[in-house]
Amino acid sequence: KQAGLYLREIDPGKAIASRLPYVAFYSRGSWVALPERRKCNKLIDIAKDKNADYLVLDDTLLRGSEWSLECKHPMKLIKEIRWRDKFLEIYRREDG
């Protein structure tokens, strides 16, 4: 919820690629579903193919995916939210 409200404040109504639809709902945007357990380039390809403006990655999604700094190259981290042992990262696509 917190991530969606943040995006609604800075850039409402955009396409949000994420594992679950909550961020898109609270940001008043559209949801692009990301499957779990995918390689990072596949997640980025899905976001790009579906014209997602933002990519939201959480601990559950990253636990089942190969992820590295190289994968984040076409994106900019704009917000990180942590609570207990969970986390969520919001990236803005920079590759058009």
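This is a predicted model: local features need pLDDT of at least 70, side-chain atom pairs count only at pLDDT 80 or more; totals for chains, interfaces and linings use all residues.
Residues are numbered from 1 along each chain as its sequence is written, and side-chain values rest on heavy atoms, with hydrogens and water left out.

Helices (H or I, at least four residues) and strands (E, at least two) were taken as DSSP runs and numbered from the N terminus. Strand 3, which spans residues 54-58, is mostly covered, five of its five residues being buried; here buried denotes under 20% relative accessible area, exposed over 50% and partly exposed the range in between, with a 1.4 Å probe and protein chains only. In a regular strand, side chains alternate between the two faces of the sheet. In strand 3, Tyr54, Val56 and Asp58 point one way and Leu55 and Leu57 the other, and all are buried.

Strand pairing was assigned where DSSP finds at least two bridges between two strands. Strand 3 pairs with strand 1 (residues 15-18) in the parallel sense over two bridges, and leucine 55 in strand 3 is the bridge partner of alanine 17. Strand 3 also pairs with strand 5 (residues 86-93), in the antiparallel sense and over five bridges, where arginine 92 in strand 5 is the bridge partner of tyrosine 54.

Aspartate 58, at 12% relative accessibility, counts as buried, and it forms a salt bridge with arginine 19, the closest N and O atoms being 3.0 Å apart. This pair links distant parts of the chain, since arginine 19 lies in the loop between strand 1 and helix 2 and aspartate 58 in strand 3, 39 residues apart. A salt bridge was counted when a side-chain nitrogen of Lys or Arg lies within 4 Å of a carboxyl oxygen of Asp or Glu, and by this rule the count comes to four. Among them is a contact between the side chains of lysine 14 and aspartate 11 (3.9 Å, N to O); lysine 14 is partly exposed at 28% relative accessibility, and aspartate 11 is partly exposed at 23%. Another joins arginine 82 and glutamate 80 (2.7 Å, N to O), of which arginine 82 is exposed at 55% and glutamate 80 partly exposed at 38%.

The lining comprises eight nonpolar, three polar and five charged residues, and helix 1 (2-10), helix 2 (22-27), strand 3, helix 4 (59-63), strand 4 (75-83) and strand 5 each supply at least two of the lining residues.

The structure holds one aromatic pair. The ring centres of phenylalanine 25 and tyrosine 26 lie 5.0 Å apart with their planes at 85 degrees, so the pair is edge-to-face; rings of Phe, Tyr and Trp (its six-membered ring) were paired if their centres lie within 6.5 Å, with planes under 30 degrees apart counted as stacked, over 60 as edge-to-face and the rest as tilted. Phenylalanine 25 is exposed at 61% relative accessibility, whereas tyrosine 26 is partly exposed at 26%.

Definitions and conventions:
Ala, Val, Leu, Ile, Met, Phe, Trp, Tyr, Cys and Pro count as nonpolar, Asp, Glu, Lys and Arg as charged, and the others, Gly among them, as polar.
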